[in-house]
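Take a look at the two chains below.

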Amino acid sequence: TGGHTTEILRLLSCLSESYSPRHYVLADSDKMSEAKIRSFEQKRAETFSKSQFSLDRIPRSREVRQSWISSVVTTLYSILYSFPLTYKRKPDLILCNGPGTCVPVCLSAFLLGLLRIKRTIIVYVESICRVETLSLSGKILYYFSDYFIVQWPDLKKKYPKSVYLGRIV
Amino acid sequence: FRFKDSLAEELQSADLVISHAGAGSCLETLEKGKPLIVVINDKLMDNHQLELAKQLHRDGYVLYCNCSTLVETVQSMNLSALKPFPPGQPEKFASFLDKVFGL
């Protein structure tokens, strides 16, 4: 979604072409992100001609302020949906920054790791908006990610296993 | 206007921006080097939005008020006291990832 997409594209901006092909996963209800992504990739293709990317959509795990109980149900549904997608792509790296959409994808990848099907490195970057507290996605993925990056020092203190690189977006 | 894809044009020509505490709005404005007053909406308050606005204010990048104190804030503001906002460094992230993958 909006802010998350802008942030993640900024994170991608300095990555070399080793990080290719890029598979973007979006919530089905997200209208604006696709245009931003295509524009980013188009510009990128001007510099790196062999640049490749794809876009996939999954059902949104949770609406803003959705109740706990129904969130568990919708997230389970999203996991069921994203597991085959993650299995198909078998990514070496998952990079995410916090929308609910990322949780089922990361959990699917984690599961694939447990099943010894594919070992994916999960890198979570908490949004720049999160200064003192983690988002719900962050609270969950703190335990499932390989690298958990925060952008403010207070969070580094509270979550000692996290990585602090300063502001990166 | 209601919704535009981008406020970049308006931002470019503005001398002062008064905005809600949304991260996108705040950061976009600060990156364009425009002075910013963040207005916290007590009713629509999303606590996490507040975190960034408070931090930006603590660091001296923005002014900060709520709907009822907006007028006096604008009347008494000292914009030159605001610090310039340094850009984020995605290259640090790229280096970090490269190290993870041994690139």
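What kind of unit do S1(B), helix H2 (residues 23-31) of chain B and S2(B) make? They make a right-handed β-α-β unit. Right-handed is meant as follows: with the strands pointing away from the viewer, the path from the first strand over the helix to the second runs clockwise.

## About the model

This is a predicted model: local features need pLDDT of at least 70, side-chain atom pairs count only at pLDDT 80 or more, and totals for chains, interfaces and linings use all residues. Residues are numbered from 1 along each chain as its sequence is written, chains are lettered from A and ligands numbered from 1 in the order in which they are written, and side-chain values use heavy atoms, with hydrogens and water left out.

## Chain B: the fold

Chain B has five helices and three strands. Helices (H or I, at least four residues) and strands (E, at least two) are DSSP runs, numbered from the N terminus. Along the sequence, the pattern of chain B reads α-β-α-β-α-β-α-α. Of its 103 residues, 36% are buried. Buried means under 20% relative accessible area, exposed over 50%, and partly exposed in between (1.4 Å probe, protein chains only).

Now look at strand S1 (residues 17-20) of chain B. Its side chains alternate. Val17(B) and Ser19(B) point to one face and are buried. S1(B) runs parallel to strand S2 (residues 36-40) of chain B, and four bridges join them. Two strands pair if DSSP finds at least two bridges between them. Opposite Ser19(B) stands Val38(B) in S2(B).

## Where the chains meet

In chain B, 27 residues are in contact (heavy atoms within 4.5 Å) with 28 residues of chain A. The area buried between the two chains is about 2400 Å², and carbon and sulfur atoms give 65% of it. Buried area is the accessible area (1.4 Å probe) that two parts lose on being put together, summed over both. On the chain B side, Glu51(B), Phe93(B) and Phe96(B) lose the most area to chain A, together 26% of what that side buries.

Three salt bridges link chain B and chain A. Each is a side-chain nitrogen of Lys or Arg within 4 Å of a carboxyl oxygen of Asp or Glu. Arg130(A) and Glu51(B) meet in a salt bridge, at 4.0 Å from N to O. H2, helix H3 (47-58) and helix H5 (90-100) of chain B each give two or more residues to the side that touches chain A. H5(B) gives the largest share, nine residues.

## Chain A: an open sheet

Four strands of chain A form an open sheet in the order S3-S4-S5-S6, with parallel pairing. Strand S3 (93-96) and strand S6 (163-164) of chain A stand at the edges. Each has a single partner strand, so one side of each is left without a neighbour in the sheet. Two bridges join strand S5 (residues 147-150) of chain A to S6(A). Val150(A) has Tyr164(A) as its bridge partner in S6(A).

## Two residues of chain A

Is Ser127(A) buried or exposed? Ser127(A) is buried, with a relative accessible area of 6%. Ser127(A) lies in the loop between strand S4 (121-125) and helix H5 (136-141) of chain A.

Ile140(A) lies in helix H5 of chain A. Ile140(A) counts as partly exposed, at 32% relative accessibility. Ile140(A) and Val103(A) are 37 residues apart in sequence and 7.9 Å apart in space, C-alpha to C-alpha.
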